Amino acid sequence: MAKLPQHPDPYGILLLHASAVQTKKGALIFLGPSGTGKSTVCLRLHPYVSPLADDKIHLVPQNGHWLVSDATKRNFQRALFSFEAKALKGVPLRAVFRLYQDSKSSVERLMPHQTCFHLANSFFDLFWQQNWEVSYKKSVFTNLGNIARVIPGYSIRFNLSTDIRNLIATVDLL
């Protein structure tokens, strides 16, 4: 197995374990451990939105904003080459959702520190990123905190009979 570089992405692109859809208003990303329903939510929203990414996403910094790009097919044995980083196309990040399976359905707004916590968990959910050097982890956490300050975060509790579209529509994001 190839040794990972000490600084995995010199372009500031973040890799998260998440799924995403594209709406008219931008990208919605869905966070949670494996089996939480990230892919299921995206499939159930499909008639109303376009799928963007199924299991892994890039958050790409661009002119003070963050774009969401599909990272499902990325080679994770190395950092992105310059031409790959520059070629990434994305959709402006509009909202972050932390998913929970529950018998009662609800949507609640998260405080920025809670959103940052869930984004960080999603980053470190990809096990190889746990071993990066501390300075890189600090820069990642700083970026995630900056995202959480300007992008709204929500927790969604749902079950298989929940109309997930109506839950998201309550916060005017579709």
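Lys and Arg count as positive and Asp and Glu as negative, with His and the chain ends not counted; each charge is placed at NZ of Lys, CZ of Arg, CG of Asp or CD of Glu. The model is predicted: local features need pLDDT of at least 70, side-chain atom pairs count only at pLDDT 80 or more, and totals for chains, interfaces and linings use all residues. Residues are numbered from 1 along each chain as its sequence is written, and side-chain values use heavy atoms, leaving out hydrogens and water.

**Exercise 1.** Find how far apart the mean positions of the positive and negative charges lie.

*Solution.* Start with the charges: the protein chain has 20 positive and 11 negative ones. Their mean positions are 3 Å apart.

**Exercise 2.** Explore the largest nonpolar core and the contacts of Ile 147.

*Solution.* A nonpolar core joins buried (under 20% relative accessible area, 1.4 Å probe, protein chains only) Ala, Val, Leu, Ile, Met, Phe, Trp, Tyr and Cys residues through side-chain atoms within 4.5 Å. The largest has 31 residues, and Ile 147 is among those that touch the most other members. Elements giving two or more residues to this core include β4 (56-62) and α4 (134-150). Next, take contacts (heavy atoms within 4.5 Å): beyond neighbours within four places in sequence, Ile 147 meets Leu 14, Leu 59, Trp 66, Leu 93 and Leu 119.

Definitions and conventions
Buried means under 20% relative accessible area, exposed over 50%, partly exposed in between (1.4 Å probe, protein chains only). Helices (H or I, at least four residues) and strands (E, at least two) are DSSP runs, numbered from the N terminus.
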